[in-house]
Amino acid sequence: MKHLDEYRDPALILRQVEAIRATCTRRWTLMEVCGGQTHAILRHGLDELLADAVELIHGPGCPVCVTPAETLDQAVLLTRRPEVMLCTFGDMLRVPGALGDLNAARAAGGEVRVMYSPLDAVALAREHPEREVVLLAVGFETTAPAAAIAVLQAEALGLANLLLLVSHSLVPPAMEALLADPDNRIQGFLAAGHVCTVEGAAAYHAIAERFRVPIVVTGFEPVDLLAGIHACVEQLERGAARVENRYDRAAPDDGNAAARAAVSRVFEPVEREWRGMGRLPASGLGLRPEYARFDAVARFGLVPPEAIGDGPCIAGQVLRGLGRPTDCPAFGRDCTPDTPLGAPMVSSEGACAAYLHYRGEA
Amino acid sequence: MTTDVVRLTHGGGGRMQAKLLDEVILPALGARALGAADAAVLDAPGGRLAMTTDSFVVRPLFFPGGDIGRLAVHGTINDLAMAGARPLWLTLGLILEEGLPLDDLRRVLASVQAAAEECGVRVVAGDTKVVETGHGDGVYINTSGVGAVREGTRIDPAAIRPGDVLLASGDLGRHGVAILAAREHLGLEPAIPSDSASVAEAVAALLEAGVPVHALRDPTRGGAVAALQELSDASGCRLVLDDAAIPVREDVHGACEILGLDPLHSACEGRFLAAVPADYADRALSVLRSVPVAAGAVAIGRAEPGEAVVIRRLATGVERRVILPAGEQLPRIC
């Protein structure tokens, strides 16, 4: 396929792997932040090809995985109200919370719609003025602009029946939290190229400087990933620690100003809970006071039940790169994509699901 | 008909039902197809028979490349073909939702009739029920089929041996993506057409050419992966796919990349997979390619000794296990 095959060319991949191995005088530990990158690394077997030169650990960049159980429980509570039509991305339906998952809520009679874009929720709100359409808005900097535009459209259309249950999260604060952790093993980051298409690379300079860690903006195809890895280990070998963009064909250094403007008009940074990582300051987005009327939590006075423990699931360690999916006693036994105990087994971008899917390890 | 939509009274067994049958259903299926008797009485050929049944609940009813009527015929015919049988007869059970436009029903029936005629099968018995609005999705169809198994044919996945070559009769994953795109109004241009078709002719050609086929599977729900895993489990063989050889249309590939889906998990409705001894692989391919529905036939992999798993061997030499999807394919979210 044009614009894709050239980034998956096997001969080029093997040459890049050789170049990376020739660069490394020791084995380096890198974290790819984004779940899409984790998925591609496992799908194309880059972890195996590079095994003796680079250890790739998988970051918290799967939005489904880091969504707190509390938010899912709030969503389940919403589906119990007959006037509510809950809209969200398909992956969210199987993530377990204290009250079960949204699939079960749907089977119990709640109305849960799978959508592909937050703008679908605006269309539903227009078609169903008699219903309260609630958008469960999750995702990183990449999906926040569409949620913001949904709010702006609803405002322009005078729709009073579109509400948001917001659980958007921001990547740089999570990277800082990982690096500040005394158990941190990360020596270099592959930053998520898609996030930078919106945000640009500016947010990373302070992190690279403060923690003396190279951060390479990296794409999602094997050739892109290997280019990012190569640049990262070259910096490490030289003792450099700077921000480098190896995905400039898609991610301009200054990002997308229009998307950022929409986000900052509607949302503001707030403290939020990350599943497995705890509460991180200014790591999430909340509706600004002038858009508070779109807030589903306030409208319905949602109080989630007390959170449940994670049992044997080590999702928290996996999400911080401190453990591999295969270290978990439940992996592939009690915890499978059909019976997930933790979110990383649910999402197609979760590290546990990727291990089971592509390596078939149990 | 005086009304233009299906009413509950059309299923009540009274005059309205008789009118629906006489004026809409029977004429569409050919006057001689269905008698008034409670059961069709048929002259059976000698030898073994294959029988199958399948229900069709696809939404939307009409989609690029086909509709529920064609699908209901092709699906059952293909199941018979996978047993090495020549399809002969079908039954047609219609469950209609009150309010269905009669024009839609006529279109579906015309498709059933056209597909049956193209495939040389007869619809020999049928049934019609009507359910209240909201209790159906326009039309549900059940078709059962009977076919005659060729003398000496033994199709059995347990017969797959290490060394056997795996063939695909054409591009994979198209129907599932076509339906998803139509249902979710993804607006792909041009629309991806379903591959809905009968593969009976291609299977017949293979068997008539004397290829000792070990196994046949049509990769419907669960896609090629589900079909291959069944073959692997039944034979105890490790099935290794050559990633670069897997045939996927460019538009299907593109849609799957956008949606985060794997074409090997997506259903086909006009394709089959075959396992044949390596010595017969070239002959099988040239026979298949001479039949239009299998013109795109290629070898996609091989059975090897080892545990019963399905493996995708990438061009870089890395082997990745292929596993069944959890249930429904879910789009990824960023």
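In the predicted model, chain B meets chain A through 20 residues of its own, which are in contact with 31 residues of chain A. Two elements of chain B, helix H7 (250–259) and strand E13 (319–322), each supply at least two residues of the side that touches chain A. H7(B) gives the most to this side, with four residues. By class, the side of chain B that touches chain A has 10 nonpolar residues. Six others are charged and four are polar.

The domain assignment of chain B gives domain 1, spanning 8–149, and domain 2, spanning 157–322. Taken over C-alpha atoms, the centres of domain 1 and domain 2 of chain B are 28 Å apart. Across the boundary, 19 residues of domain 1 of chain B are in contact with 23 residues of domain 2 of chain B.

On the domain 1 side of chain B, helix H2 (68–81) and strand E4 (85–97) each supply at least two of the residues that touch domain 2 of chain B. H2(B) accounts for the largest share of this side, with seven residues. The class make-up of the side of domain 1 of chain B that touches domain 2 is 10 nonpolar, six polar and three charged residues.

Terms used:
Residues are numbered from 1 along each chain as its sequence is written. Chains are lettered from A and ligands numbered from 1 in the order in which they are written. This is a predicted model: local features need pLDDT of at least 70, side-chain atom pairs count only at pLDDT 80 or more; totals for chains, interfaces and linings use all residues. Domain bounds come from an automatic or database domain assignment. Two residues are in contact if their C-beta atoms, placed from the backbone, lie within 7 Å. Ala, Val, Leu, Ile, Met, Phe, Trp, Tyr, Cys and Pro count as nonpolar, Asp, Glu, Lys and Arg as charged, and the others, Gly among them, as polar.
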